[in-house]
Amino acid sequence: MSKVTLIGKSQARMGYTFLYAGDAPECKECKLYRLCHALREGWTYEVVRVRGVTHTCPVHEDGASVVEVKELPLKLAIPRKEAIEGAIITVEGRKCTEPPPLPPGDDKYLVCCNSYLKKTKVKIMRIIGSVDCRTGEDLVEVELKSVS
């Protein structure tokens, strides 16, 4: 099921993916606030349809376009002992003190350090594999689905 939201005009294209990180202070007074910020913070979305409507926006210099998006499964590193397929757990984003060295374009940093999640209830859909953690934690990457 898709959701309608607004994103920057230059990002409004089919297949574009983005992590919703919440609102900016400039958003608070906007009449379209509820439309823009109806997404789940910390989750990744993909644009599945671009509607032909644009609006002025205090955050996006070129304006904002109305789009339909679908929520993508969340990939996250969790402690190995919690990684049981089918289990429902509550995760909270964390900041890592040792960010991994990544080549440009690699999104594994958000797998380990998605600090946007706030006590989010999720179901573990599948275990992807071990995570090479620089802090020595025993972590595995899992694919999660929201439980709400």
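Modeller: Rings of Phe, Tyr and Trp (its six-membered ring) pair if their centres lie within 6.5 Å; planes under 30 degrees apart count as stacked, over 60 as edge-to-face and the rest as tilted. The model is predicted: local features need pLDDT of at least 70, side-chain atom pairs count at pLDDT 80 or more, and totals for chains, interfaces and linings use all residues. Residues are numbered from 1 along each chain as its sequence is written, and side-chain values use heavy atoms, without hydrogens and water.

Colleague: Which residues do ring pairs link into a cluster?

Modeller: Tyr16, Phe18 and Tyr45. The count of aromatic pairs is two.

Colleague: Why is the pair of tyrosine 16 and phenylalanine 18 called stacked?

Modeller: The centres are 6.2 Å apart and the planes 20° apart; the limits are 6.5 Å and 30 degrees, so the pair counts as stacked.

Colleague: Is phenylalanine 18 buried or exposed?

Modeller: Buried means under 20% relative accessible area, exposed over 50%, partly exposed in between (1.4 Å probe, protein chains only). Phenylalanine 18 has 14%, so it is buried. Tyrosine 16 has 24% and is therefore partly exposed.

Colleague: What makes arginine 40 sit over the ring of tryptophan 43?

Modeller: The rule asks for NZ of Lys or CZ of Arg within 6 Å of the ring centre and within 35 degrees of the ring normal. The charged end of arginine 40 is 5.6 Å from the centre of that ring and sits over it.

Colleague: How many bridges join strand 3 to strand 4?

Modeller: Seven, between residues 44–55 and residues 64–71, running antiparallel. Strands are DSSP runs (E, at least two residues), numbered from the N terminus, and two of them pair if DSSP finds at least two bridges, so this pair qualifies.

Definitions and conventions. Helices (H or I, at least four residues) and strands (E, at least two) are DSSP runs, numbered from the N terminus.
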